[in-house]
Amino acid sequence: MSAVFAPRVIAPLVVGVVMLVLWEAAVRLGGMPSYILPGPILIAQTLAADWNTLWPSLLVTLSVTLEALAAAVIVGGLLAILFVQSKWIELSFLPYAIILQVTPIVAIAPLIIVWANNVDLSLLICAWIVAFFPILSSTILGLTSVDHNLLSLFELYGAGRWRTLIHLRLPASLPYFLSGLRISGGLALIGAVVAEFVAGTGGAESGLAYRILESGYQLKVPRMFAALALISATGIVIFLLLSSLSHLLLRKWHESALSHER
Amino acid sequence: MPDLVRLRGVSKVFANGVRALADVSLELRTAEFLSVLGPSGCGKSTLLRLISGLATPSGGTIGWPGAGRTARDHELGFVFQEPTLLPWATALANVMLPLKLHGMAKSESEGRAVEALRQVGLGGFEQAYPRELSGGMKMRVSIARALVTAPRLLLMDEPFAALDEITRHRLNADLLALWERQRFTVVFVTHSVFESVFLSQRIAVMAARPGRVLSELVIDAAYPRADSFRTSAEYAGYCRLASAQLGEAMAA
């Protein structure tokens with residue numbers, strides 16, 4: 001296990017460390033002022049020094065992200081099940097889901113903020129709009145890509161639509177759903193951050209995007225980078241967690257989760 | 001033996017206009033082993049789907065002279081060319097599936113599934129997932145699943161075509177042993193002359209475009225048929241006959 005695992009961790013780690021060292025060296029040797037490009041050491045120091053402001057902001061952004069992701073799973077999953085029940089439903093409604101997906105969230109976020117009249121709710125709606133489509137489209141694909149011989153078998157044994165859904169279509173679509181979920185996890189975070197940027201609100205509870213804006217106005221560039229580093233780290237953690245969840249659920253049977261002996 | 005199923009002038013035209021079957025008349029006798037032999041594209045699979053009730057004929061009738069008038073009223077087993085197992089379920093859960101869909105309690109269905117797996121030579125593999133099994137073993141699970149409901153009719157659609165020859169011979173022998181013990185009716189679709197002669201009591205030879213039954217051949221050789229049957233003069237003679245009929249069917 002460790003022999004397989006080690007290169008996957010060590011190789012990107014080495015690249016990361018080398019890049020950081022080069023970055024730090026370039027900043028120091030080039031005499032770059034910190035308000036244009038701070039070095040990684042200064043960013044780390046700022047992160048530690050401003051932890052008491054950044055940590056609560058991280059929690060705010062994270063809670064919007066997770067709520068949006070949960071809503072995306074529920075609405076995306078249920079819509080997918082609904083859409084595959086009838087070709088007519090899918091033909092009628094899928095175009096609107098696509099329109100929602102391709103409309104730039106930056107363009108409609110101000111409207112949503114005005115309509116929702118509640119900052120938290122509008123952030124949630126924006127992040128959800130960005131996050132739900134991958135789950136919807138990949139779950140639809142999963143629900144409709146079931147082996148037709150298995151469908152015949154279920155028909156032969158008199159399983160109705162409901163039992164076929166529960167015992168065949170849903171488990172068969174799990175790998176597709178999980179792959180959509182991994183994409184949506186990152187998108188929910190992006191959606192939350194973008195919505196915060198557009199909302200640009202102050203107030204007691206402000207997310208990381210607001211900290212970036214605020215630091216930009218005050219020319220506290222190292223803090224901008226510290227907040228940015230936190231957002232990236234959050235995205236990476238979400239991706240790793242969802243990948244582990246996917247592996248855990250599929251490791252017994254799905255090709256994608258099998259380790260092949262050589 | 002009385003007829004289990006009677007096909008009278010059955011035809012099937014698909015929505016795209018393709019005539020898959022034309023005027024097929026055929027009896028399936030109770031407890032008989034019937035092979036349907038024909039070139040690919042001759043409508044063999046369509047024939048099985050019609051008998052099973054998964055598809056409806058465009059013309060003609062499919063009758064069940066005994067009790068129950070349609071395929072739906074009977075226990076059927078269906079074995080596809082691929083093992084067609086649920087990849088997320090163990091061998092045991094796969095075999096239990098038909099019983100579960102019939103609403104049988106787990107306590108009862110589990111025992112029957114364990115027994116069905118044992119009969120196909122997979123005792124001890126209950127907890128294995130399909131990916132852990134070889135192609136031949138997966139096909140055995142598929143046969144166990146088809147037989148777990150104790151069907152009167154077993155429909156098999158080129159089940160061993162994708163297997164290597166050694167595995168195919170062993171599965172042929174094991175299938176015959178199961179059939180001799182349980183005496184369900186088998187319709188075995190194949191494009192192999194040798195397989196059809198080795199297994200069956202009767203062969204229906206089909207021609208393509210449109211699919212139709214051109215001739216029937218009775219294989220009057222005693223069971224149990226051991227591996228030595230494959231090298232007998234009797235077997236060679238029947239293979240020659242079946243090949244000749246298949247040749248005519250392909251020229252027709």
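Let's start with the buried residues of α4(B): B:Lys138, B:Met139, B:Arg140, B:Val141, B:Ser142, B:Ile143, B:Ala144, B:Arg145, B:Ala146 and B:Leu147. Buried means that 20 or more other C-beta atoms, placed from the backbone, lie within 10 Å of the residue's own. Helices here are DSSP runs of H or I with at least four residues, strands are runs of E with at least two, and both are numbered from the N terminus.

A word on the source. This is a predicted model, where local features need pLDDT of at least 70, side-chain atom pairs count only at pLDDT 80 or more, and totals for chains, interfaces and linings use all residues. Residues are numbered from 1 along each chain as its sequence is written, while chains are lettered from A and ligands numbered from 1 in the order written.

Back to α4(B). Ten of its 13 residues are buried, so the helix is mostly covered. What do they pack against? In chain B, they meet β5 (76-79), α2 (91-101), α3 (106-119), β6 (153-157) and α5 (165-182). Contact means C-beta atoms within 7 Å, again placed from the backbone.

Now chain A. Its secondary structure is ten helices and zero strands. Buried residues make up 35% of its 262 residues. The C-alpha trace spans about 75 × 55 × 25 Å along its principal axes.

Next, the domains. Chain A has domain 1 (1-32) and domain 2 (35-257), with bounds from an automatic or database domain assignment. Their C-alpha centres lie 29 Å apart. Six residues of domain 1 of chain A contact five of domain 2 of chain A.

Notes. Buried ≥ 20, exposed ≤ 12 C-beta atoms within 10 Å, placed from the backbone. Contact = placed C-beta atoms within 7 Å.
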